[in-house]
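Please keep the model in view while reading.

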Amino acid sequence: LDESFVYFTEKLGFTPSSRNGEVFRGLSGNEEKIGFGLNLASNDTPPAGTVELYFKTDNLPELHTALTAKDAGTTSIVRMPFGSIFTIQTPDKHALVMLGE
């Protein structure tokens, strides 16, 4: 994780964000218009090589309520070191993660 973080910041020019934790490093670029993170694989995360898409929203509880009402397959909202999240699973079994502050 640390080696990848150094590569993305020092070699590729991404800026560290304040969304960091023991197993996660947040990054931003393009004047804060692109944001992503690096997550250390563990028994508590999907297997290495798994792709999860994170979508940032300004009102996570409202989005959660709306998607739950549509029976979109939402999980509960969980507080993580980098923000709160919930997940929905697409019909083809891909996780879409909704991220709030």
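## The second largest pocket

In this predicted model, the second largest pocket holds about 320 Å³ of space. A pocket is found on a 1 Å grid over the protein atoms alone, as an open set of points with protein on both sides within 12 Å along at least five of seven lines; a 1.4 Å probe fits at these points, and lining residues have an atom within 4 Å of a point. Grid points are joined across faces, edges and corners, and the volume is the space filled by probe spheres set on the points. Of the 18 lining residues, Asp44, Thr45, Tyr54, Met80 and Ile85 are the closest to the centre of the pocket. Two or more lining residues come from each of strand E5 (78-80) and strand E6. Strands (E, at least two residues) and helices (H or I, at least four) are DSSP runs, numbered from the N terminus.

By residue type, the lining comprises ten nonpolar, six polar and two charged residues. Here Ala, Val, Leu, Ile, Met, Phe, Trp, Tyr, Cys and Pro count as nonpolar, Asp, Glu, Lys and Arg as charged, and the others, Gly among them, as polar.

## Basis of the values

Residues are numbered from 1 along each chain as its sequence is written, and side-chain values use heavy atoms, with hydrogens and water left out. For this predicted model, local features need pLDDT of at least 70 and side-chain atom pairs count only at pLDDT 80 or more, while totals for chains, interfaces and linings use all residues.

## Overall organisation

Two helices and seven strands make up the secondary structure of the chain, in the sequence order α-β-β-β-β-α-β-β-β. The C-alpha trace spans about 45 × 30 × 25 Å along its principal axes.

Of the 101 residues in the chain, 29% are buried; buried means under 20% relative accessible area, exposed over 50%, and partly exposed in between (1.4 Å probe, protein chains only). Among contacts with a separation of 6 or more, 28% join residues 24 or more positions apart, a contact being heavy atoms within 4.5 Å.

## Nonpolar cores

In soluble globular proteins, nonpolar side chains tend to be buried together. The largest nonpolar core in this chain has six residues, namely Leu60, Leu67, Phe86, Ile88, Leu96 and Met98. Such a core is a set of buried Ala, Val, Leu, Ile, Met, Phe, Trp, Tyr and Cys residues joined through side-chain atoms within 4.5 Å. At least two of its residues come from each of helix H2 (60-69), E6 and strand E7 (95-100). Another core lies apart from it, with five residues that include Phe82, Ile85, Val97 and Leu99.

Leaving out residues up to four places away in sequence, Phe86 touches several residues, including Leu60, Leu67, Leu96 and Met98. Leu96, in strand E7, is in contact with Leu53, Phe55, Phe86, Thr87, Ile88 and Thr90, its neighbours within four places being set aside.

Tyr54 belongs to strand E4 and is partly exposed, at a relative accessible area of 35%. Beyond four places in sequence, Tyr54 touches Phe82, Ile85, Val97 and Leu99.

Ser84 lies in strand E6 (residues 83-89). Because its relative accessible area is 12%, Ser84 counts as buried. With neighbours within four places set aside, the contacts of Ser84 include Leu60, Ile77, Met98 and Glu101.

## The salt bridge

Side chains of opposite charge can pair when their charged atoms come close. One salt bridge is counted, the criterion being a side-chain nitrogen of Lys or Arg within 4 Å of a carboxyl oxygen of Asp or Glu. The side chains of Arg25 and Asp2 form it, at 2.8 Å from N to O. This pair links distant parts of the chain, with Arg25 in strand E2 (residues 24-29) and Asp2 in helix H1 (residues 2-11), 23 residues apart. Arg25 is buried, at 15% relative accessibility.

## Two loop residues

Most residues other than glycine have a negative phi. Asp71 has a positive phi, near 55 degrees. Asp71 is placed in the loop between H2 and E5 and is exposed, at 69% relative accessibility.

Ser42 occupies the loop between strand E3 (34-39) and strand E4 (53-56). At 36% relative accessibility, Ser42 is partly exposed. Its C-alpha atom is separated by 8.8 Å from that of Val23, 19 residues apart along the chain.
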